[in-house]
Each structure stands twice: as C-alpha cells, then as structure tokens.
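Work through the exercises below with the model open. Try each task before reading its solution.

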Amino acid sequence: MELLNPVEAEQVYLTAFYATLDRERERTEGRRQDEQIAGTRNAQALHQRDGRVRDLNARLSRLNAAEEGLAFGRLDDEDGGVLHIGRIGLHDEDYEPLLVDWRAPAARPFYIATAVVNEGIVRRRHIQTRLRQVVDVQDEQLDLDRTADGASQPGTGVVGEAVLLSALEARRTGTMESIVRTIQADQDRIIRSELAGVLVVQGGPGTGKTAIALHRAAFLLYTHRSQLEKRGILVVGPNSTFLKFIGQVLPSLGEDGVRLVTVAELYPGVTATRPEPAEVAEVKGRAVMAEVIETAVADRQWVPTKPLELTVDRTVLRVEPAVVEELRTAARARQLTHNQAQPFFRTTFIEHLVSQYADIIGEDPLGGENLLDDYDLEELRNEVVADPGVQALLQQLWPVLSPQQLLIDLYADEARLKSAAPQLSDLDREHLLRYGDDWSPADVPLLDEAAELLGDDGRDLARERAERARAIAYAQGSLDVLSGSGSTDFDEDDEAEVLSAKDILDAEMLAERYEADDDRTLAERASVDRRWTYGHVIVDEAQELSPMAWRAIARRCPLRSMTLVGDVAQTGAAGGGTSWRQALAPTFGDRWRLAELTMNYRTPAEVMELAADVLREVDPTAVAPQSVRATGVRPWHLDVPAAEQAAYVSKVAHEETQHGQVGVITSRHRLELVQEAVGDITGITVLTVAGAKGLEFDSVLVVDPDGIMIESPRGLRDLYVALTRCTQRLGVIGPLPDVLQGSDAWDVRT
Ligand SMILES: Nc1ncnc2c1ncn2[C@@H]1O[C@H](COP(=O)(O)OP(=O)(O)OP(=O)(O)O)[C@@H](O)[C@H]1O
C-alpha cells in the first residue's frame, strides 16, 4: 500500500472530522425542528421545550462557528496515541473522542509542551487548512532522543514558530482574530488560570493581553459553563472602536454569553457621550468623589436653621429645626437608602403636623380633652397630606431623588458643591460646576455611586412591574393557545381525563416560569439592569480606569472573579493608574494576583528599538517587551513644514495602503486637519492616541509627535502607545520631542 505523506494523512482525518461536524449539525438541526413542531400537552412541557430549543440553538451556533479552521493540531504521545486538537470537541458514533476542544485539559500539551518538559508528547503537529483542505503541516519533535529525522527543532522558546510567524506577518483585516492555533505557553497559563479571585495581567504593547483576555473568557465559559451561563461575562474596553475591533473573536470561538461595554455604557438608560476636558474627568474619577456623593445625598436630608411656618387651611403650623432633626435621625437609623427611608420620614413628619394641627383645632375652650375623634383626625391627616405647602416642604426636607437629579442639582449649585465637597479645592469644584442634563463618561461611575446610596426612586419598581405585566400577558397568551388547541391533541375520552393547562397553572404562575426563562439574550437582559452581577468580569486597558470607575465595575462582580489586563506604562487618562498597587488598592486592597507577559507579538524589533527609548523616559526601570520578530524595515522620520504637513500625510497614507491597513495617529489639535486632508478612505483610519488604544495597523504614521507629547500630562506614555501600534511599518512626521531627537533607530527622510 502506498504510504500517505503527512498532508494526505491529515486530510483523511480532516475529512472525517468535517463529516462528523456535518452529521452533528444535521442531527442538531433535526432535533430543533422536531422540537418546534411537536405538539405540547401542557404549559410546563411548553416551557421545557423552549429551554431545549434554546440549548439546541446554542449548540448549532457553536458547531457553525467551528467550520473555519475546525482542526489545527495533533499530538503524538510516547505510547503511539494520537490526539487531534480543534476549535470544538467531536465524538464518533460510539462516543469515542475524535477531536478535542482546545480548552479541554487533554489539549494543554499542545500549548505548553517543550522538548525539555514534553508532557509525554513526542511530536506536536500544526495543521494548516484552507476551507476543508489541509494545505500544510509543520512538525515539532519534542522527544530529544528522536530529533535526527529532520523535523523542525524547538529552540526559540516559541511554540510552533513557523505557524506563529506566518500569523504575525499576515496582513491585518481591521478586526482582531482568534489566536487559538498559536497560543504561547506563558499566555496559556494565564488563559487557564483559575476562575476565582482578581488576576492582573501586566504586559507591554503587543504582548497579547487583549487576545488572552478574550480566549480566557472562552476558556472559562467552556470550563465553568453551568456556573457562568446564567450570569455571563462582562468585558469592559476603552472605547467603542476598540469593542468593534475585538467584537468578532468570541463569536468566532462559538461563545456569545459575553457583554462588551465601555465604562460609559455601564449605566442603563444613560448615553454618556458629552466630551469634557481631561482635568474635569480627572476630578470626577477621584476616590474622594465617593465621599462627595455620600455627603451630597446626606445634604438632601435637610434640617432648616430657623423655625418654618406653614399655613394649612388658615391654621399656622410651626416646624422647629429640632423636631426635623429628631425625625431625620430616626429615619436615618433605619439604615435604608435615601429613597427607601423617605416614606418613614414623610409619615413621621406628617404625623407631627397632624398632631399640632389637631391640638390647635380640637382645643376645648373649656380646657377639657381634645374634642376631635379618630374620624376627625383622619380628615385632618388627609388635609395635611394634600396640602401643596406640605408637599413642597417635604420635597425640600427629604425629596425622592433619581441619581440624575442628584447630580444635576449638585453640579449646578456652588453652595451645594461647597457643602458636599469641602475636600476639593476651589478650582476642582469649579471644574464640576455646570448646568445641563447630558452626561460625560466620567459621570457614569458617579451616577452609579449615587444610585447605590439613593436606592430605588420608583423607576426600577415601575420597570419591574412592566416586565412582570409583559410576562403575564405572554403567559396568558400561551394558556389561551393551549386550551384552544387542547381538543385537537386529544380525542374526547382522553380530554375528559387529562387536566387542561389552565386547570393546573394560572397565567401568573406561568409568568414566573417564563421570567426565569426570558427569551432575550443574556447581554440584552444585563444591559437594562443596573444591578446585574456577572460571573466574571474582564477589563482591558485596565490602567485607564479611575478609582470611581473601579468601584462601579467591582459592584458588578461581588464574587471578585476578574481578569484585569493592561500596561501601566501606557496610561493616558489623567485619572488612570501608573502602578497596579496604587490603582487597585482602594477597591481590591492587596487581594489580587499578578501575571506578567514579556514577548511582543505585534511590533517588529526595529520599531520596538525606537519605542524603547521613550519607555526609558517613562520609567527607567521598565523593561520593554521583546519583539518576536524583525521585519528588516526600519522606521523613518520626516519633518515637514506645518503648512504642508496635512497634505504630505495624506499622500503618504494613500501610498501606504499598498502595505495593508493604515493608521494615522496624531495630536488632538491636528486631528481635524489631518482627517480632512486624508478624506474618508477605506483602509486608512485617522485617530488620536486615546482612540488608538488597543488597536493595531499594518502601517502607522505618527503625525505631530511633539504635539502628542505636550498636549497631555501623560504625553510621553501617549507617544509610547502611538509608536507601538504597527505590525510592519512606522513613519513619524513632524517636529520631534526631545526624547526622540537624535535617535539612530530610524532613517531620516529628506
Ligand atoms: N500567541 C499568539 N499567536 C498569534 N498572534 C498573537 C499571539 N499573541 C498575540 N498575538 C497578536 O499580537 C497582536 C497584539 O496582541 P494584543 O492586541 O492582544 O496585545 P496587547 O498586549 O493587548 O497590546 P496593547 O497593550 O498594545 O494594546 C495581535 O494581533 C494578536 O493577535
């Protein structure tokens, strides 16, 4: 028999895998259709059926997602055993494993085995496929005794070097792709790190933090599915362009139980897009703002300094400050939120007025007992409650407040600000002063903080009631359909014996079941519920978060199961952290573990040499990540007169599109000019450093580096971010800041 070469041999396997995938898909699709057309006898069965259909849909989308690059690896062990690794696990008819999911423990050696610690594996094979065809295989011999057969030798510490390099060299598509075929050992350890606790991943540019964070989400959902499925995973990113950039990775891994948001989107019903100066955002982000909000809420439980007078139906009632103070203390002692405690204050305050009113009106002119009976008192109470003056006073003394109203009133009033924020300087308070009801991203954690302290203002309750009414209406509809179709399902004799759904369940009971079994996706349900808590939270570019943002995020994960990835050398936000200890201490104390990454998979060595000069200025003790590859293309610099700069940038950017996606990163004050000059061209993105956070392009032009440097207190770090966004080519245009002058890491163009 003619022996098959490795490509042919793997093709035989691959064909079998796809046949199984197809069969599995057909079977799942068939089961789904059967479920959908099957007659249901009662409401409970209907409910269970809906659950099964949802599970089958999820299974189908995982099977569909696995179509591209279904199998990509193979392990041969010392005993001659063979294991294929793929994007999904598949079994044969006898339930024997055919293909192992990359997240399964058995697949682990594919990512971590080395010739020194080979985990019992003698050969690792990387299988490259196009559609359903094997196009190449690459072997790594991991058994030191058998290395004479010509297979490639692992020597660089990089797993699957050739496959990795070809992935890194590939042109970028504009969206991030899965790295499941080439995860490296140090990355794998982070991806598979235990679910519990706060894990901080520190790594320089291009070390794969974002990729790892997303693959970790997929790993956790696979490994702890029952635990995470109900609550889901929250991924917080720096801006919506970034979220779009990473948005396809998890669906391509067959996972959709994840919600992707920016901090600005955390508060349901609030669109926080109003731009504001960095120094204002910085004040709003300070930890001390938690105290400010707390005092602002307490200030709304007001005690007058002088007695007040009220006239109810021509009777003058007096409100003594001491009495208000006493009632306030009693209401506060209930340890409820502001809005929850309001009815207690209100009731006692009204009782106080009613008894004063009764004393006056019911006074016996002959000095006997009060003349009023219970009925009269009730009349007086109704009168007091309905009195507009009483209502207005209550509104002053202890108003029911929404978080929005609290902040609107606080920001708009110098006196309120002064009382709530004595710790802030006059200038800081001036930064906060404003009129209006539109919101900036930095307002969101403050709204969240206020919501915690204020509690329900009635809107949540109204929303819950509306939800419940919706569920009951739906359930009622289902019951009507069931009882309408009852006689077609059973013959007459049966019908007399079988209880109808309506006999067993009423709409309300059924609604309860449906509520537990909402048909909206997890992300949809979580997005409208401020108090939704997640099974795990991932924060990318975590160094940018302010202390107040950390508080809002931690609230969404009381279990403190979190993965925070970032680089404290890249912090751009004025309120962000420049050391993890300092950034995390107020919220997490020292209850977090740190993992570090040191290899740069994005930026070529030639570019990193230049960026490292900037990093040394940012932090002389920091070590730049080591580039996995060099391209042989040196970065370049050209100083162009300011008047010609935009036109020159436009010309070069258009030329660079022949090398792939182009990113033009410039200072805020040049942005519009450059954008206008370049125009709206596919393949060219013009953005500021803040907008470029976490993104990458084949070719990058950094325009006006000196402007980038000087326009923010974190300018040096911004420059470092800008210089590390390219996968292939870098050009720098415009006057240079000191740190780059005289560099010999580039070619100077004339
Ligand atoms: N193991 C890997 N295999 C293939 N590509 C990888 C691997 N690790 C990282 N990459 C690629 O390197 C690039 C940089 O990764 P990523 O954006 O996750 O880095 P980062 O650490 O988040 O960077 P930054 O801090 O600069 O935003 C991406 O294109 C990513 O796909």
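**Exercise 1. Describe how helices H11 and H19 pack.**

Step 1: H11 spans residues 289–299 and H19 spans residues 443–454; their axes lie 10 Å apart at an angle of about 45°. Helices here are DSSP runs (H or I, at least four residues), numbered from the N terminus. Axes are lines fitted to C-alpha atoms over the stretch in contact, and angles run from 0 to 180 degrees between N-to-C directions.

Step 2: The pair is therefore oblique. Under 35 degrees is roughly parallel, over 145 roughly antiparallel, 65 to 115 roughly perpendicular, and the rest oblique.

Step 3: Met 289, Ala 290, Ile 293, Glu 294 and Val 297 of H11 meet residues of H19, including Leu 446 and Leu 453. Contact means heavy atoms within 4.5 Å.

The model is predicted: local features need pLDDT of at least 70, side-chain atom pairs pLDDT 80 or more, while totals for chains, interfaces and linings use all residues. Numbering starts from 1 along each chain as its sequence is written, and side-chain values use heavy atoms, without hydrogens or water.

**Exercise 2. Is Lys 209 buried or exposed?**

Step 1: Lys 209 lies in helix H6.

Step 2: Its relative accessible area is 9%, so Lys 209 is buried. Buried means under 20%, exposed over 50%, partly exposed in between (1.4 Å probe, protein chains only).

Step 3: The Lys 209 side chain reaches the backbone oxygen of Gly 203 at 2.8 Å.

Terms used. Helix = DSSP H or I, 4+ residues; strand = E, 2+ residues; numbered from the N terminus. Polar contact = N/O pair within 3.5 Å; in protein donor to acceptor, adjacent residues only side chain to side chain.
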